[in-house]
2 protein chains.
Amino acid sequence: MNKKSTLDPVFYPENGAIVGASENPIKLGYQALLAATSGGHKGKVFPISPSLAGKEIMGIKAYGSIEEIPEDAQLMVFAIPHNRILDALKSAAKKGAKGVVIFAGGFREVGDEGKALQREVKETADRLGIKIIGPNCIGTVNTHHGINATFAQPLSLVKKGGVSVVSQSGGTGSAIITTMADNNVGLSKFVSIGNRVNLDFAELIDYLGDDDDTDVICLFIEGLDDGRAFIKSAKSASKKKPIIVYQAGFTETTRRLSLSHTGSMSASKDIYMAAYRQAGVLFVNDYEELVDTAKILSAFSDFPVPRLSPGAKPGVSIFTHTAGPALIVAETVENGGGAIPDFTKESKEKIVKFAPQFTVPTNPLDMFAHAWFMTDMYLEAADLALSQSNIHIACSCYSGGFEMGMKFPAAKYAEIGKKYNKPAVVCLMAPYAHFEERAAADDAGAPTFNSPHKAGKAIANMIRWWQMKNRP
Amino acid sequence: MNKKSTLDPVFYPENGAIVGASENPIKLGYQALLAATSGGHKGKVFPISPSLAGKEIMGIKAYGSIEEIPEDAQLMVFAIPHNRILDALKSAAKKGAKGVVIFAGGFREVGDEGKALQREVKETADRLGIKIIGPNCIGTVNTHHGINATFAQPLSLVKKGGVSVVSQSGGTGSAIITTMADNNVGLSKFVSIGNRVNLDFAELIDYLGDDDDTDVICLFIEGLDDGRAFIKSAKSASKKKPIIVYQAGFTETTRRLSLSHTGSMSASKDIYMAAYRQAGVLFVNDYEELVDTAKILSAFSDFPVPRLSPGAKPGVSIFTHTAGPALIVAETVENGGGAIPDFTKESKEKIVKFAPQFTVPTNPLDMFAHAWFMTDMYLEAADLALSQSNIHIACSCYSGGFEMGMKFPAAKYAEIGKKYNKPAVVCLMAPYAHFEERAAADDAGAPTFNSPHKAGKAIANMIRWWQMKNRP
């Protein structure tokens, strides 16, 4: 949590309110209350609905109007149509609202009338000191304060962590969060910014850059209204923590769609790429890569970025019991700008002592099926490799132990990484039926990727980040 | 099943045997028996172990030697060390073995001595009329005959289907199968070919090309020994069904690793790409893409490939309740060689009648959150779009209905595709906790992809396949 930001009450409210709460499960006002009560928030949440005044919804007393709630609520969710927003904002201000989530569409994305309404909402909100999340959005989450101010209760299932996500598309944002949940990546804050009435990327980047609960900032962008403000904020925040950007909408058809979706103009890809380089952000090509890159950068956010001499490529060591996947990691890393340095003569002499017969002591190191069972070999290999100054990262490839009961020794492996202050990751190939095996390794500090291509890409992107940090 | 191929008894054996069966769960001979008995095979499987003769393992009577088994076994799994293979082969031949899986390493990948042994195994097997799967492999699966002749019982969890996989790497092969299971893609046959003693890609491609249980052939290649034979077989089989290739090992380090792994030399990427073009195979860049591409091509293997005039791009229509993901699908399709044609004037007039207020009736078609609840809009839109001659594919983007109970109307949607003989796919974004929702749509004939990037890539690759088929 930041100190004294105007956004603090939005992300860390004492109480909340659902304006337009409903008893009907297919209404957003029902789902929003379900979501709000599933996040673990310690404060109160007030359901507001004229037709349910005095009754209980989900065991919580409902009020007929905002004015009737007995305490202030800093964050309110408006599950009401666009034509009732202005009045509700005025009532909300009287009850201490500092942040309001607006789900409804019908604003600048729908033509002149909508633009006029959006302008009026902006003026009103600015005058009342309220920050608007949306409209035309799915809301916001802050796992560090138990807040799920969306209409998607399953977003509460994602674990608490250091990755914050700001998305211009609610659908894509929600899909990013569920992809994080599927890959055991911890979320800090999520904001679906929708039409950006008075809260845009720049201000959120400033806030998240200073937020102690955020290690990595992820952005899904369709098009920027104010590129200059974005660059200024990103340039400053990327000095403190990585910013990863995924953007879609560069083809002719998609630029047209993007315009009608959130009303934002898209410039050419070249212009955006130049801006992102200037801003020091890491650009990725799909949101699976966004999630994997955030996972590795967040897992090792406490480690120092290695100092690299100009032109030097960071070195990656790869260990395996099955050569094919190691081949894929190595190729992906090399294509992504990393090196696969050989082991020193001394290391090689030590490797042949613990590795099985026929082992060729080179990097990548294939220790055959023996290492699948006798997993200590991974620890010995990682310790030797990371002791070399030209090796900066360890990546172990391991097939899930299935029903045989073997487990990758993740906790000890992570300790070796910590001893050298160098990232140690695992390409842990297992079906989702073995998710617990992956999650245990993640939680022990050895982040996992369930395919060698994903592991290699994540490593290559961490290397890109390091190289950016090493530029004068 | 083919008629009268020498490989029929390998993939459709009457009985099987596990040579080197064990009671110790961390032995491959235990896991192999577990796998063999989990596939649903109707025939017998004989555990063979000198120390367990006459006892029961997993409730099955064990025999002291191959010679002692009471019936012939056409497929045998050798879970024994490399130095016992030759003798076992001779015994196996006496009991009708036509196929033998060899897990052990210690052959051509380990130097001159291993090369000599491999040569001897090849000569013996050829003389005895036995096809060797391996050595240095994880075995084979045939879901259409209940066969799991690997040491990985979880490979039995993948559903039966039309996609066959041949992998030079056991670890990568196993990871491909578990990725198929995670994405509900049906497997036909899996072969981990390892060192390829007397069974290589070419012969398997010939066999699978004629196999009625196989719609799509997937290959993971590290390097080919006999490029000419490969091209000849692939050229012939790709006339009958798609062949998808993923290959790793093109960087300097990985070429070295590949050599030590399976002993195969890798040529440059350019040479391989030229060969693959000549052979009519579809090259992909990672195995997630391999699985997604196989999924879409297998799902629509009964549909005719559309005739395209030279230079014409197949058209894709996209429907959504949330614009961001549609943007990603459109961009991926356009970058991959597809078009996003606009709707006709007549269609537009019809769209504005059923779509919600403010809908802009263009392709991609955003029908706002209304369509999330009132899913019939997807059906009306797909029917209109697919009736256009310049639109060949429908893609619907849908967020899982979470706890609200909405479901994408997959069965009716698939029917519309069938009516026009045009593929209708769903980008169904949901966490793995909602896997059943995806599987139900898949099984109804509307294959799902859980991210817009994956959906777009799969569509683009199907389009690439169509374009290859349209070349004179």
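Modeller: A:Phe368 is buried, since 21 other C-beta atoms lie within 10 Å of its own, and the cut-off for a buried residue is 20 or more. This is a predicted model, and what follows is computed from it. A:Phe368 has a positive phi of about 55°, although it is not a glycine. Most residues other than glycine have a negative phi, and most peptide bonds are trans. A:Phe368 belongs to helix α13 of chain A.

The peptide bond between A:Asn363 and A:Pro364 is cis, with omega at about 0°. A:Pro364 sits in the loop that runs from α12 (345–354) to β16 (365–366) of chain A.

B:Met58 has a positive phi, near 50°, and is a residue other than glycine. B:Met58 lies in the loop between β3 (56–57) and β4 (60–61) of chain B. It counts as partly exposed because it has 14 C-beta neighbours inside 10 Å, whereas A:Phe368 is buried. The cis bond in chain B runs from B:Gly134 to B:Pro135, and its omega is near -5°. B:Pro135 is in the loop between β7 (131–133) and β8 (139–142) of chain B.

The contact between the chains takes 65 residues from chain A and 65 residues from chain B. On chain A, α5 (170–182), α8 (252–262), α10 (287–299), α11 (323–335) and α13 (368–373) each supply at least two residues of the side that touches chain B. The largest share comes from α11(A), with ten residues. By class, this side of chain A has 32 nonpolar, 25 polar and eight charged residues.

The copies meet through the same surface, because 100% of the interface residues of chain A are also interface residues in chain B. Chain A can be laid on chain B by a turn of 180° and a shift of 0.0 Å along the axis, with an RMSD of 0.0 Å. The two copies are therefore related as by a two-fold rotation axis. In chain A, the C-alpha nearest that axis belongs to A:Tyr432, at 3.9 Å.

Now chain A as a whole. It has 17 helices and 19 strands, and its C-alpha trace spans about 75 × 50 × 40 Å along the principal axes. A compact globule of 472 residues would have a radius of gyration near 23 Å, and the 25 Å of chain A agrees with this. Of the 472 residues of chain A, 61% count as buried. Among contacts between residues at least 6 apart in sequence, 73% join residues at least 24 apart.

An α-helix has 3.6 residues a turn, so residues three or four places apart point the same way. In helix α3 (residues 85–94) of chain A, the buried residues are A:Ile85, A:Ala88, A:Leu89 and A:Ala92. Seen down the axis of α3(A), these fall within an arc of 105°, so they line one face of the helix. The face turned away from the buried side of α3(A) carries the exposed residues A:Asp87 and A:Lys94. The cover over the buried residues of α3(A) includes β1 (16–19), β5 (75–78), β6 (99–102) and α4 (112–128) of chain A. Just after α3(A), A:Gly96 has a positive phi of about 80°.

In helix α7 (residues 227–237) of chain A, the residues A:Phe230, A:Ser233, A:Ala234 and A:Ala237 are buried. They cover an arc of only 95° around the axis, which puts them on the same side of α7(A). The elements covering them include α6 (201–209), β12 (216–221), β13 (243–247) and α9 (269–279) of chain A.

Last, the nonpolar core. In soluble globular proteins, nonpolar side chains tend to be buried together. The largest nonpolar core here has 316 residues, and the members that touch the most others are A:Ile18, A:Phe78, A:Ile459, B:Ile18, B:Phe78 and B:Ile459. Leaving aside neighbours within four places in sequence, B:Ile459 is in contact with B:Ile296, B:Val316, B:Val333, B:Gly338, B:Ile393, B:Cys395 and B:Val425.

Terms used
Residues are numbered from 1 along each chain as its sequence is written. Chains are lettered from A and ligands numbered from 1 in the order in which they are written. This is a predicted model: local features need pLDDT of at least 70, side-chain atom pairs count only at pLDDT 80 or more; totals for chains, interfaces and linings use all residues. A nonpolar core is a set of buried Ala, Val, Leu, Ile, Met, Phe, Trp, Tyr and Cys residues joined through C-beta atoms within 7 Å. A residue is buried if 20 or more other C-beta atoms lie within 10 Å of its own, exposed if 12 or fewer, and partly exposed in between; C-beta atoms are placed from the backbone. Two residues are in contact if their C-beta atoms, placed from the backbone, lie within 7 Å. Helices (H or I, at least four residues) and strands (E, at least two) are DSSP runs, numbered from the N terminus. The radius of gyration is taken over C-alpha atoms; the globule rule is 2.2 Å times the number of residues to the power 0.38. Copies are superposed by least squares on the C-alpha atoms of residues with pLDDT of at least 70 in both. Ala, Val, Leu, Ile, Met, Phe, Trp, Tyr, Cys and Pro count as nonpolar, Asp, Glu, Lys and Arg as charged, and the others, Gly among them, as polar. The arc is that of the directions from the helix axis to the C-beta atoms.
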